[in-house]
Structure formats: C-alpha cells, structure tokens
Amino acid sequence: MMDRTSQEAEIIRLLRANGEGHVSGQTISRTLGISRTAVWKHIVSLRNAGYLIEGSPRKGYVLADRHPVPFNSVEITSALDTDLIGREIFFYESIDSTNTKAMELARSGAADGTVVVADGQYKGRGRLGRGWYSPPGVNLYTSIILRPAIPPERAQAMTLLSAVAVAETVGRFSPVRPHVKWPNDVLIASRKVAGILTEMSSETDRVNFMVVGIGVNLNMDPESSDETRRVAASIGKENGRDVERTNFACTLYSVFERWYKTSLKEGFKPVYEAWKGYFDGVGREVRIKGFTNTEGICLGIDGEGALLVRRPSGDIERIISGDVSFSTL
Ligand code: BTN
C-alpha cells in the first residue's frame with residue numbers, strides 16, 4: 001500500500017499526463033486502488049498544498065497551470081526515478097536544520113536512503129561549527145540518511161563521494177564546470193555554490209549511520225547577505241536563469257544513488273578518480289586551519305581521502321580535517 005505522499009504524487013502524475021483533459025474520480029480511484037472518498041480527501045489536501053485542481057462533477061479533475069511550481073514532497077516524489085535515495089521523504093516548510101532532524105530520524109531507525117528536505121532553515125549548520133545561510137524559497141537544503149556497511153575510517157570516502165555527486169549534479173545545471181575544494185565544497189569560478197556537512201554515529205569497527213547534509217545555492221542573490229557576500233555564488237544567478245528546485249533535487253538523488261551503489265559494489269577507487277577530476281589544487285600552495293595550522297604544496301589525496309601536503313621542510317603531512325585555502329591561481 002502506497003503512503004499518502006506517493007498516492008498524491010501519483011494523482012499529480014496522472015493529472016499532468018492528461019494535460020488539459022479531465023481525469024475522472026473513478027479512473028483515479030481505480031488506478032490507485034483507493035475509494036472515491038479517499039480520492040476526494042487527496043484532492044483537498046493537494047489544493048491545500050497549493051495545487052490548482054479544478055473539478056467538474058461530470059468530467060472529473062484537471063490541473064490548471066500554476067506559477068510557480070510548488071516545492072514539496074509530492075513534487076519530488078512524482079519526479080523521482082530512484083529506488084533508494086528519497087524513497088522516503090520528510091519535507092518541512094521551515095525547520096532548524098535538516099541535519100539535526102535527519103540525525104534524530106536515523107537514531108529512531110529511519111531506513112537507508114531516507115531524505116529530509118526543507119524549503120528554509122532557521123538554524124542551518126555548516127562545517128567547523130559555522131552556520132549555513134538558509135533563506136526560504138530559493139535554495140536546496142537536504143540531508144540524506146545512509147547506512148553503509150563500512151568501518152569508520154571509510155567515512156571520509158563517503159564525504160568525497162557526496163562531493164562528487166553534488167559536483168556532477170551542479171555540472172548538469174551550470175555551463176561552467178564546477179570544482180571541488182577539499183574535502184567537499186563545490187565551487188563555480190572559485191566561488192562556493194554548495195557545502196556538505198557529514199555527521200555520523202559509529203562504533204569502533206562499523207558505522208551505524210551517516211547523515212550527509214547538502215546545501216546548494218540555487219537561486220538566491222549572493223549579495224543578499226553579509227555572511228555570503230564575496231565567497232558565495234548561486235547557480236541560477238551565474239546562469240542568469242533560475243534553477244527548478246525539484247528538478248535539481250531529483251537529479252541529485254539519482255546521481256547520488258548511482259555513486260553510492262557503485263561504491264558499495266566496487267569500493268571507493270572510482271569515487272577518488274572522479275573526485276580528482278574535479279580538483280584543481282594539486283601543485284598549488286595551500287594553507288590549512290585546523291587543530292594545528294599547516295602550509296605547503298598540495299600533493300592531492302591519499303587512498304583514504306586525506307589531503308597530502310608537502311611542508312617547506314620537505315615533510316609530507318596527512319590532513320584529515322580543517323579549513324583549506326589555496327593561493328589564487
Ligand atoms: C559547509 O559548511 O560548507 C557545509 C554546509 C552544509 C549545509 C547543509 S544545508 C542542509 C543540511 N542541514 C544543515 O543544517 N546543514 C546542511
């Protein structure tokens with residue numbers, strides 16, 4: 001039996017497939033295997049969610065043109081082509097942080113691939129204890145719950161996998177090829193368009209679950225906030241054309257799923273290779289602010305995803321966390 005969101009997504013799909021033609025209540029009821037009363041309740045709930053559904057007692061229902069397209073779990077479910085990531089969606093108009101919510105859901109047993117999405121966040125969290133500017137209506141804020149059968153040392157690899165999935169998705173929506181900055185910022189023309197915050201619960205020898213929180217600046221005006229001025233960019237503003245959020249989210253889930261399945265089957269080698277293809281830091285001067293400060297020449301990453309830096313003394317240091325800045329090219 002489909003859940004409520006899936007049933008409503010199916011109704012929206014049916015109505016869209018019929019364009020300007022009406023779909024009778026009976027057809028919907030038969031297609032979904034639900035009663036006419038249940039159909040009516042879904043129509044009311046969809047109207048409350050902002051869909052303009054016109055009804056005629058003799059002909060049935062038709063979806064009128066709506067602008068703008070709502071961003072909600074029904075839209076995402078109706079456009080999704082994955083079988084794991086996003087099969088269960090928790091959508092919020094406004095929430096403190098999708099990562100906080102996803103950690104809570106994961107602790108109470110949410111399945112591998114469950115996602116949390118919000119229209120806006122009022123306490124968005126970034127790496128290294130920073131905030132993440134999360135105005136409503138413009139960007140993507142989502143957290144993916146994963147239950148990979150890996151030891152905790154491999155968690156960094158999952159972080160790089162997330163960066164690859166986000167960079168590939170950004171690349172499909174931007175004429176300019178994105179780059180990654182270690183470990184997982186995604187940049188267009190040296191300005192950050194996406195950030196990833198990975199959190200996890202683990203035991204000594206295995207990961208219980210991970211939450212990959214992804215924030216992508218899609219349509220916000222980067223000048224709209226002091227916090228983001230100069231350093232941030234948004235894909236839509238770079239392109240001069242808004243990015244449709246549902247389309248971006250579904251593409252991201254689909255690309256993410258492909259990389260996730262690849263890593264479970266073949267290990268992380270293909271992920272590292274792809275990550276390197278988005279990284280332009282090798283051979284450049286780099287400075288890392290972390291527990292200790294390090295400076296040197298960036299040599300790339302090792303087999304566990306750590307950043308390798310040759311210090312002026314010639315020693316090679318392995319960096320596992322910190323804030324990286326490169327001298328400009
Ligand atoms: C960074 O500092 O670069 C990481 C930013 C991560 C932001 C995303 S938005 C969705 C999810 N929820 C949060 O509170 N943070 C992450």
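**Exercise 1. Sort the lining of the second largest pocket by residue class.**

Solution. Start with the classes: Ala, Val, Leu, Ile, Met, Phe, Trp, Tyr, Cys and Pro count as nonpolar, Asp, Glu, Lys and Arg as charged, and the others, Gly among them, as polar.

A word on the model before going on: it is predicted, so local features need pLDDT of at least 70 and side-chain atom pairs count only at pLDDT 80 or more, while totals for chains, interfaces and linings use all residues. Residues are numbered from 1 along each chain as its sequence is written, and side-chain values use heavy atoms, with hydrogens and water left out.

**Exercise 2. Find the volume of the second largest pocket and the elements that line it.**

Solution. First, the term: on a 1 Å grid over the protein atoms alone, a pocket is an open set of points where a 1.4 Å probe fits, with protein on both sides within 12 Å along at least five of seven lines; lining residues have an atom within 4 Å of a point. Next, the volume, meaning the space filled by probe spheres set on the points, which are joined across faces, edges and corners, is about 420 Å³. Of the 20 lining residues, Q156, T159, T198, I320 and S321 are the closest to the pocket centre. Finally, α6 (155-173) and β8 (191-202) are the elements that give two or more residues to this lining, and β8 gives the most, with 5. Helices (H or I, at least four residues) and strands (E, at least two) are DSSP runs, numbered from the N terminus.

**Exercise 3. Describe the surroundings of the ligand.**

Solution. Begin with the shell: 20 residues surround the ligand, each with a heavy atom within 4 Å of it. The closest are S97, Q121, R125, R127 and K192. By class, the shell has 5 nonpolar, 11 polar and 4 charged residues. Its largest share, 4 residues, comes from β8.

Now look at polar contacts (pairs of N or O atoms within 3.5 Å):
- Q121 places a polar side-chain atom 2.9 Å from a ligand nitrogen.
- R127 has a polar backbone atom 2.7 Å from a ligand oxygen.
- K192 has a side-chain N or O atom 2.6 Å from a ligand oxygen.

Last, check the cover: the ligand on its own has 410 Å² of accessible area (Shrake-Rupley method, 1.4 Å probe), and the protein covers 98% of that area.

Definitions and conventions:
A polar contact is a pair of N or O atoms within 3.5 Å; within protein, one must be able to donate a hydrogen and the other to accept it, and residues adjacent in sequence count only if both atoms are side-chain atoms.
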